[in-house]
2 protein chains.
Amino acid sequence: MLDPRHAILFEPVPIGPKILPNRFYQVPHASGFGSSQPRTQAAFRGIKAEGGWGGVCVEYSPVSADADEEPHVAAYIRDDRDVAALRYTAEAIHAHGALAGLELYHGGNSSKNVSSRHPRMAPSQSAAAISWGSTAREMTTDDIRRVQSDFVAGARRARDAGFDIVYVYGAHGYLLTQFLSTWTNRRTDGYGGGLAGRARFALEALEQVREAIGDDCAVATRICVDGRRGVKGVRIEDMLEFVRMADPLVDLFDVTVGSWPEDSGTSRYYPEGHQLTWTRRVREATRKPIVGVGRYTNPDQMAALIRSGDFDLIGAARPAIADPFLPRKIAEGRLGDIRECTGANVCILKEEDFRHIGCIQNPTAGEEFRRGWHPERFDQTSDPDRTVLIVGAGPAGMEAAMVLGKRGFAAVHLVEAEDEIGGRLRWTRRLPTLGDWGRIVDWRRTQLDQLPSVEIITGRTLSDRDVLDYGASIVIVATGSRWSDDGSQPGRLRAIDNASGSLTPERVMTGERPRGQRVAVYDCDGYFVAPGIAELLAAEGYDVHLVTSHPVVSPMSDGTLEGPMLRQHLHDSGVVMHPGITVLARSADGITGETEYGDPWTLEVEDLVLVTHQVPVDELHRSLTQDADALRTAGVDAVHLIGDAQSPRWISEAVFDGHRLARELDLPDPSFPAPVLRDQPV
Amino acid sequence: MLDPRHAILFEPVPIGPKILPNRFYQVPHASGFGSSQPRTQAAFRGIKAEGGWGGVCVEYSPVSADADEEPHVAAYIRDDRDVAALRYTAEAIHAHGALAGLELYHGGNSSKNVSSRHPRMAPSQSAAAISWGSTAREMTTDDIRRVQSDFVAGARRARDAGFDIVYVYGAHGYLLTQFLSTWTNRRTDGYGGGLAGRARFALEALEQVREAIGDDCAVATRICVDGRRGVKGVRIEDMLEFVRMADPLVDLFDVTVGSWPEDSGTSRYYPEGHQLTWTRRVREATRKPIVGVGRYTNPDQMAALIRSGDFDLIGAARPAIADPFLPRKIAEGRLGDIRECTGANVCILKEEDFRHIGCIQNPTAGEEFRRGWHPERFDQTSDPDRTVLIVGAGPAGMEAAMVLGKRGFAAVHLVEAEDEIGGRLRWTRRLPTLGDWGRIVDWRRTQLDQLPSVEIITGRTLSDRDVLDYGASIVIVATGSRWSDDGSQPGRLRAIDNASGSLTPERVMTGERPRGQRVAVYDCDGYFVAPGIAELLAAEGYDVHLVTSHPVVSPMSDGTLEGPMLRQHLHDSGVVMHPGITVLARSADGITGETEYGDPWTLEVEDLVLVTHQVPVDELHRSLTQDADALRTAGVDAVHLIGDAQSPRWISEAVFDGHRLARELDLPDPSFPAPVLRDQPV
């Protein structure tokens, strides 16, 4: 039941000719689906409307031929085919009473145009910081009129596709901001000079869009306010003045701060609501509805924010990916069921680099269409009376147990050798800055506690004999992985000489410490583990050297927008970084290896932590499956292997793997993932 | 007319149940089109068949759900829709009498599976060198049988789609090679151990594919032979033994060497035919037809190679992109018309990173469907008597003049201020290792010399008055760009203090030399220019420091597969590299700046070469277009701006830009590229 303190979140909010049914608003964000995977897009967004988000937007929609974003995936709305494609999504959102938004966009100097081969253009001639050897040409007044009319044409198509909210997108340093900035706009005509001139492009575009579709749709704009340095040199005072000028033309202001890594800051480096210092200032300039983000998942915090008057709508991208049903859970007073965003930005890595969004917390994100998965609904098993034994309560095992419980299995035993559940997350969450990742365990613990059919048994190690004697008809082995300590490293035939038995992340996290003061952490993994161990040891006073075979430290963190901050953090912690080094041997004095150029390299250290690669802990599975007779005799019908015990991957994939097996357990061969539906353009 | 010395190249060659009409064979290579852009793929490959390639293949075709290559584009052939999509291509190839090939593939441990989320698998459990934190699981015998049957299913679909040649693809370190290697195959069952066991997976797959489609199609395999270290540890002796074992099952052996950067080595670091030492050894093991590559463009060399008996077919990927009509030009004795591949690997960068292939030499590559461009045919202008003046004979100007000449314009004047044509290529081709890029100029010079309607005038600088007085009705300004020397740098508001007037690449290449012995080359461009200047100066004895704002030296070169070699080359030349540095000021003692962590950084040098960004040389265009009356009075109907003078980009894009304008000059507004056709899946 809705807590009256949260009732304010469910007030309807008029925006222009439309009414948002409540204050929950999924701001535009990319998914990898664009308009080329229309059913996937529709299912992904429709679920959010079903879960209670009153406004649901798709990703950016380039309006002009020279705003080509390929190979990135965008919600292009260039012609009738795109209109038909995006109509699926608008209808899926409407089906649950929410409003649908589309974000019209031109990148200007940030446009890629690498596939289309159009020259890039900008308010003034300017070289791009992106490394494609390209200087954008200055827009002519014909260009200005053309792009404005492209915004209008895009807006008309968005309306025809059924969208209720149409953005003229200005944030994140794109074309509108480029016009506003004195740095990128050095024009001497009526579109440059003072703020009125620099604002003219955006104001005219807004006016024309409003004139074309303002009776039918709400007109929104996305802006960036930043009090430190602004974006592209637009100071907050100028942006507030722009808001005042745009106010009569705009029905909704969508507010961001800083560049993308900051706007979508991860929990490692940005607390929830870190943007508020700047974003709340927009209220000084307008009484129109304002949406702001802050990775909020706590309804008390949300309600307080609305009461403060700073914002009118609770914007969310990542919290709505992690839990599409967040609003409905608040409405029903089921606060403990909210699956809170960890702020790990696996979503961003997946949509940017893999072109298919996913989530470390919500394994159904992006799987709504192709696998038919609903985040809150589970097919009930037709054969509930089989006993399922899950060995190992890491991310995969916890998730499998929870899904089986929700699917109606009457007896699910989750047996864990350690004294607490969580698997590798038990120690991962204790690495510096990674505390919020603990939400992956905490939420599952809460869910499991609500499922009477799931029994959690900790502190019990099962041998193959124990498993056979357990009385289960289905056994799921989820025994996880360990970090290799034998000195072998990916991509190299020979192991590191004399490195066998060196420290590993787990051993450090269970209390073991390096001998001596100077220690090397050797990273072939390239993500968060080695930097975490290095930072931890540095904080304890060790002289830490982070040596990595990768050309940069933690390349994966660049995919999560964390790279520069992570490296800065290490640097500030006194960790000395040695990228591009392959370690070949450990000696009494330290380690030796070679540089990327094949030159010999040495480092004097007293101890070594190996973060080379993970090895499945699959002995139990091997032992069980090699004796079919014993299984038959014991009444075990099936033995499955999931998560890191099968193939060590990211935590998101271990969760996914457990989820998938549990969903598909009644299929003839659940060990191999069922075929997925293929989407296709309209 | 065919030179009798080259007649051997046009002999038909039987392969299994098929007959290749000649010895020209376009080996499988990626395009960015896969099966998702069926008409684009068909047009791209069909042109090659039209141009005389007797065998034409599409790119790799993953056979299994756990060989998912997303986000890379592959010629998936998973179902009837894919069959229908790829049939377009087979038919386009057949229309010109050539044979169509498809390359069935499983990546094993190299599969991505990031979009599909399947766990990766391999002959034995193994960590991947790719940085996705992933250890592949060991394949079960069920997996082995499943993948083999996937190869068979793929082969049947390939046949049904109309393909004549079906590959079981084993090169480049993929699954078949992983089975062959003792390094990656540590199995103790019948699929490991001695070579016979390690070869069994591939031999069974070949046998099954042959059984299924061998009466209808030729069965090919692609292998890698490398005498230095092998690929994945497979020595050449073992590979030759494998060829002997596979011989009865295979109709065509397609031979590569080394890893991809070596197999597709650029002209900077690998001479033509560098693979031959190893690839010719395959003849020891089989009498079946062998195809080998070597970036060959010279028919004498090709004929000698066939006569030697080492190869039976002249394989080509890049030379067929640069000139789809290479075979036909040889057949017609038009050797001077062959547009020779430069070996710049812009094709690879474009298909890998931009998902749309292109070429630095052939601006029509990849544009056959969406723009309707044919590499050898040009729409004749309906109004040939307009005089066209092109100012500037760089890549854009040369290309525009050539295309206008071929389109039947009666008077095209190409006026160049310098004493020779070529624009920035005049000096680019003189940078160390970049000689083959001169082919861009040389081929166009040859073509222009054959066009009586094109007049080339060098050593003449035209003022705006000169242009008005010239008597042309159409003026095309192609005045190129220059490197900025004012110390401004992309992405930064403030210029480098006191750097104005520093050396630039052009000044170095026209003979100016640094003052003093120690010199810094500062690179914000990130491609070949700064490394080239650094290497040149180092070779002359300067102490050269290559300082770059990018996190690695020349990140673009990683896209062309040149990065590691380029950096090794610089290192071996004694150039000291300083990545991740932003230069902020020049002083009497040298330069100062900051590291990526914001720490102060200084370097003592006596001079500085700025390779920050290019500035359009567009003064002539500005001056002409600001006085419409003067243009009218002078009888100038149109003034166009192309190439670097509009927007400095890569050379490939300048060539494209000149080509596009010339193709579209008769449209109502040729300054803005005409809309392109959108392809769509079947």
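**Exercise 1.** In this predicted model, determine how H18(A) and H20(A) are oriented relative to each other: roughly parallel or roughly antiparallel?

*Solution.* 

Step 1. Helix H18 of chain A spans residues 529–539, and helix H20 of chain A spans residues 563–572. Their axes lie 10 Å apart and form an angle of about 25 degrees.

Step 2. Angles under 35 degrees count as roughly parallel. H18(A) and H20(A) are therefore roughly parallel to each other.

Step 3. The crossing in which H18(A) passes H20(A) is left-handed.

Step 4. On the H18(A) side, the contact is formed by Pro531(A), Ala534(A) and Glu535(A). H20(A) contributes Leu566(A), His569(A) and Leu570(A). Classified by residue type, this contact comprises 4 nonpolar, 1 polar and 1 charged residues.

**Exercise 2.** For helices H13 and H15 of chain A, state at what angle the axes cross, and identify which residues make the contact.

*Solution.* 

Step 1. H13(A) covers residues 395–406 and H15(A) covers residues 439–449. The two axes come within 10 Å and cross at roughly 30 degrees.

Step 2. With the limit for roughly parallel set at angles under 35 degrees, H13(A) and H15(A) are therefore roughly parallel to each other.

Step 3. H13(A) passes H15(A) with left-handed crossing geometry.

Step 4. From H13(A), the contact involves Met398(A), Glu399(A), Ala401(A), Met402(A) and Lys406(A).

Step 5. Sorted by class, the contact of H13(A) with H15(A) contains 7 nonpolar, 1 polar and 3 charged residues.

Notes: Residues are numbered from 1 along each chain as its sequence is written. Chains are lettered from A and ligands numbered from 1 in the order in which they are written. This is a predicted model: local features need pLDDT of at least 70, side-chain atom pairs count only at pLDDT 80 or more; totals for chains, interfaces and linings use all residues. Side-chain values use heavy atoms; hydrogens and water are left out. Axes are lines fitted to C-alpha atoms, for helices over the stretch in contact, and angles run from 0 to 180 degrees between N-to-C directions. Helices (H or I, at least four residues) and strands (E, at least two) are DSSP runs, numbered from the N terminus. Angles under 35 degrees count as roughly parallel, over 145 as roughly antiparallel, 65 to 115 as roughly perpendicular and the rest as oblique. A crossing is left-handed if the near helix is turned anticlockwise from the far one by less than a right angle, and right-handed if clockwise. Contact means heavy atoms within 4.5 Å. Ala, Val, Leu, Ile, Met, Phe, Trp, Tyr, Cys and Pro count as nonpolar, Asp, Glu, Lys and Arg as charged, and the others, Gly among them, as polar.
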